[in-house]
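Okay, everyone, let's talk about how two chains meet. Have a look at this one with me.

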2 protein chains.
Amino acid sequence: MKIVAVDPFYLKMPNITTDADGTQDTLVVRVRTDEGIEGWGECDASPLVSLATYCCPMSHGNIINIRQSLVGEVLRGSDDILRLHDKILRNALDIQQIDHAYSGTDIALWDIVGQKLKRPVYQLLEDQFGFSSQGIDHPKIPYASVLFGDTPEATFQIATRLKSQGFKAAKFGWGPMGQFDEKYDIELVESAREGMGKSAQIMIDAGVAWGSDYKTAYDRAEAFSQYTPTWLEEPLAPEAIEAYGTLSSLNPPIPIAAGEGSATFRMAEDLILNGKVDYVQIDVGRVSGITTAARIRQLAEQQGIQYVNHTFKSHLSLAASLHVFATNEDFNLLEYPADGSELSQKLTTEKLEVGTDGQVRLTEKPGIGVNIDLHTIREFLVSVKIELNGTTIFDHAVL
Amino acid sequence: MKIVAVDPFYLKMPNITTDADGTQDTLVVRVRTDEGIEGWGECDASPLVSLATYCCPMSHGNIINIRQSLVGEVLRGSDDILRLHDKILRNALDIQQIDHAYSGTDIALWDIVGQKLKRPVYQLLEDQFGFSSQGIDHPKIPYASVLFGDTPEATFQIATRLKSQGFKAAKFGWGPMGQFDEKYDIELVESAREGMGKSAQIMIDAGVAWGSDYKTAYDRAEAFSQYTPTWLEEPLAPEAIEAYGTLSSLNPPIPIAAGEGSATFRMAEDLILNGKVDYVQIDVGRVSGITTAARIRQLAEQQGIQYVNHTFKSHLSLAASLHVFATNEDFNLLEYPADGSELSQKLTTEKLEVGTDGQVRLTEKPGIGVNIDLHTIREFLVSVKIELNGTTIFDHAVL
């Protein structure tokens, strides 16, 4: 097969707010081949900045855009996906946005190769990365990923609703957490626990509230521990690796999770080796796709920590995320977007539904295994046109 | 003062090649205030991708563009520059390109505050960061920064020319280095040494040739050491921090330099603490400007290694770079672009000329201390227009 087209599409809801809700817009990428097979992927990134990475003029040998590097390339199997991953990142060595922007394309390439070989992506990854072949009969516990309510009462209501929907685990994040005082933070956690009930798992996402202040992060971990959360997530800024390391050395009474800010393998490796987190949370839509995410899964296995997805997008991203770690029985948690926008809910024609046992499984469909709904793309499409000196260098492709 | 406008301008040469020559295009940023003072800065980054970071629509509270965060803000002194640096990076937490894109603006803000207070930027930095006040009577040895010739013979010719121009130090990089075999690599270094003469300093820039292969990097360091280069630069990929650490532990016979790929404080910190480089090379046009570069200078001082600028742009970038470390006597080397394009040569109305003693000094002019040539901007301007759903969200500002 040859790659004949690489087309990003910018989709958005009519109204966008400052809420930490990543489903308000998105960038999806369609890759087409000369055999008629097409694949799709999704980035968790600024749509316009990422789209520019597909069409920016060459500046020199280290700033070459994704389309220019990719169109015309041969794609036979997963070896080629890794080769192209190296090539694109090398050609864009000096484009900082490259990892966010390329994520959607890398996912689409895995989708295409899976369709071509009639195999689900998790099997291709087993072969390519030598993951122990345990199959996928390791269903994951989906945790609803929601924002804290604006108050403890509102948080209690959200938690109660999630419990009634059957969720046995839920992560509460951002919103007022860390914005007022310790007492308020504790009340938020208490409300989440009370709403979800004693037997549920709850996770607390502090939304980088305490910067590099590991002391406050430790104090909160101690204060929250009476409510037995599974983890305290991103108490510190993504940059604050030294502070994460110090926090870890203090042995906080609840595990620490982080990693959604990782755009490169090294950022995750740095967080694991030097930040010494207990859970590493990887977004395939930011870390240059499935290829790098799979390498981070390998590292997590070597280091004996737990890999978890970070997903706050559609079920296309959710399925792509799950292929990376479906075959590891110990990696048993799945971030499961529960409150997404209409756009993210309707982006795929099928979903990874929660089973009757309350768990989530991949299917054996080839490729990523979920299909894009073109009606949704048409409904939410932002028509982007970029002109340089009067010449159009980008216009959205025909759907 | 209030910030009233933040305008990026994309400039390019008529023809762009794949040569590793960063002066073929550029992005300069003009910031205007309500008191009529304006400042300028330059990014070493993809112009279009960076420009998109100034105008991309909000996606949520962590993807807010630079203009939206900055226009209308108060700017009284350097405290405000640091406050705004935090704000912009926090508002763009999920825009990977933010550090490259914001660099030009941060430089422009230092330029403005210096003009307002009638003080050169290096003095503002002394006050803000508590650098020991040694003044700037510490001229730097400029090393010409050039690409290897395509052959050892061509490299010898380049070196001979630089020597005749009076350069007592020169860095040779990229081109054929690392692309063929060890013998060829050695011949390139030998030619550089012979052309420059025995008493000159030469630096070898391997242009990330050996990826994460620290063994080959060590072997080359050993093979090159007979020509006594000051350092071997970027033998490995920016990501390969573990490999840098291993290389360092092998005690190579010549010092190792790296860091131009650093877009964040942590990337430089990681390279210093874990990669254990001997020289850290920082580009103010990539690392979110002077503010972060000054913090990295502090770290280099604490760790006892040498800070060096990375500059492959105009003398606006060169002057901005020099303000960061002018006051440290031990940081005595200055990367000095010697072969830049017409665009980069003409971008400023004055240059940091090499003195009669062969060294380079800052002046005591307020701000950055060099002025932009508006004729050059008009001559090389790329008119950028971005439309979303038929509405123009970016059009280049009036000059």
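Start with Glu387(A): its bridge partner in β13(B) is Lys385(B). That belongs to a pairing where β13(A) and strand β13 of chain B, residues 384-388, run antiparallel, joined by five bridges. Strands here are DSSP E runs of at least two residues and helices are H or I runs of at least four, numbered from the N terminus; two strands pair if DSSP finds at least two bridges between them.

Quick housekeeping: this is a predicted model, where local features need pLDDT of at least 70, side-chain atom pairs count only at pLDDT 80 or more, and totals for chains, interfaces and linings use all residues. Residues are numbered from 1 along each chain as written, chains are lettered from A and ligands numbered from 1 in the order written, and side-chain values use heavy atoms, without hydrogens or water.

The area buried between chain A and chain B is about 4600 Å², and carbon and sulfur atoms give 55% of that. Buried area is the accessible area (1.4 Å probe) lost on putting the two parts together, summed over both. Gln96(A), Glu239(A) and Arg266(A) supply 15% of what chain A buries against chain B, more than any other three residues.

Now charges: there are six salt bridges between chain A and chain B, meaning a Lys or Arg side-chain nitrogen within 4 Å of an Asp or Glu carboxyl oxygen. One of them joins Asp94(B) and Arg286(A), at 3.3 Å, N to O.
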